[in-house]
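Let's take a friendly walk through the inside of a protein model. Have the sequence and the 3D view ready as you read.

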Amino acid sequence: MKSYKNLYPQIHSFETLYTAYRAARRGKRGRVAVARFEFDLEHNLLELQAELREQSYRPGAYTNFHIYEPKRRLVSAAPFRDRVVHHALCRTIEPIWEARFVHTSFACRVGKGTHAALDQCQAWLRQYRYAFHGDVVKYFPSIDHHILRGLLARHIADRQTMGLVDRILDSGAGIQADECPVTYFPGDDLFAALRPRGLPIGNLTSQFWANVYLHELDLFAKHVLRCSAYLRYMDDFILYSDDKAQLQEWIEAIREFLACRLRLVLHPKKSPVFPVAVGIDFCGFRLYPTHRRLRRTSVRRFVRRLRRQREAYRRGELALEEMSLSVQSWIAHAAHGDTWRLRRRIFGDYPIGAPAVSPPPLTAPAGLPNPAVRAGLATVGSPGRSNQEIGART
């Protein structure tokens with residue numbers, strides 16, 4: 001098994017840190033913490049480089065808050081300088097695992113993503129009779145630090161790099177403790193409850209390490225179970241077969257593997273075997289062999305957000321261009337399903353209208369031509385209907 005040394009100098013090189021800074025600031029340049037770091041950029045990067053080189057770097061405290069869509073989650077935001085370090089670390093070690101990840105692992109990988117996962121999922125729905133959709137209970141809060149560190153140390157034979165990994169892991173220990181009850185596995189004693197576990201949701205390192213952790217399941221499904229039709233998007237995974245009994249055997253094997261090898265629990269109610277004709281909920285869509293639709297909960301969330309934005313625009317608190325960017329993003333996502341009539345109905349039922357007062361001006365984002373910004377929501381409505389026509393209905 002190949003391992004890698006001398007990674008640490010790459011992590012704290014100025015070139016890597018500057019590239020990591022640019023990646024960490026993407027889409028966030030208007031935030032105070034990013035602007036403060038950028039104001040004295042060279043000094044801050046050199047200071048960070050010195051701390052990393054001398055191994056005196058210590059992560060700062062997280063800012064924790066809850067989100068409630070699509071469900072309640074505890075999100076932890078690291079200080080911006082720590083996010084730069086996270087990007088530098090992942091930029092250095094991620095290629096080691098990228099070459100080893102299975103082709104049908106789609107989460108948080110360049111060239112993969114949600115829509116590629118949807119395409120592969122539907123392609124196999126058309127080829128097989130049955131499917132099994134697995135889901136891990138409280139995945140991020142359940143990741144065991146000792147097991148994760150062992151998986152990383154298989155290929156990282158660099159003491160300094162592993163020291164940085166340990167510091168980042170320790171900085172997030174206990175944050176998710178209240179999000180998941182303690183689970184005892186075969187062979188545990190009472191002290192098993194004290195094992196450090198949980199990764200902060202919101203870190204780039206957490207996303208990458210979560211992929212590394214379940215890479216073991218990918219290998220088990222592919223090489224031990226010999227399942228040729230297997231895909232995973234983070235902790236959601238699907239296996240296909242024409243034999244229903246075989247899928248039931250795989251479920252028990254995966255349940256035992258997750259418990260004994262990774263200290264994870266397979267969700268007992270969200271892991272059925274079903275005929276593909278009834279469809280499957282995956283990555284925000286309801287997929288069938290012949291078509292795909294947006295999940296109702298996803299549609300409701302967008303409609304609620306559209307109502308809030310529309311009212312903010314009418315009060316003059318939101319610029320039309322800013323609303324346009326948000327709506328166009330959702331349209332681009334929804335267009336991956338059979339949603340033309342749905343989009344026509346939504347934007348017909350919720351016309352934008354005219355603002356009561358002039359909204360604040362918005363500068364066009366870098367790389368977006370001004371004509372596209374000025375066009376606003378021209379493509380939001382049904383074909384042939386402009387926003388001016390939609391607004392005239394109010």
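## Inside the fold

Leaving out neighbours within four places in sequence, leucine 239 is in contact with Tyr130, Ala131, Phe132, Leu225, Cys227, Ala229, Tyr230, Leu247, Trp250 and Ile254, where contact means heavy atoms within 4.5 Å. This is a predicted model, in which local features need pLDDT of at least 70, side-chain atom pairs count only at pLDDT 80 or more, and totals for chains, interfaces and linings use all residues. Residues are numbered from 1 along each chain as its sequence is written, and side-chain values use heavy atoms, with hydrogens and water left out.

Leu239 also belongs to the largest nonpolar core, which has 69 residues; Val84, Tyr139, Trp209, Leu239 and Leu258 touch the most other members. A nonpolar core is a set of buried Ala, Val, Leu, Ile, Met, Phe, Trp, Tyr and Cys residues joined through side-chain atoms within 4.5 Å. A second, separate core of 36 residues includes Leu231, Ile280, Cys283 and Ile346.

Which residues are buried and which are exposed? Buried means under 20% relative accessible area, exposed over 50%, and partly exposed in between (1.4 Å probe, protein chains only).

| Residue | Relative accessible area | Class |
|---|---|---|
| Cysteine 121 | 0% | buried |
| Serine 206 | 1% | buried |
| Cysteine 260 | 56% | exposed |

Not counting residues up to four places away in sequence, serine 206 touches Phe140, Leu199 and Pro200.

How many disulfides does the structure hold? There are zero, a disulfide being a pair of cysteine sulfur atoms within 2.5 Å. For cysteine 121, the nearest cysteine sulfur is that of cysteine 283, 7.8 Å away.
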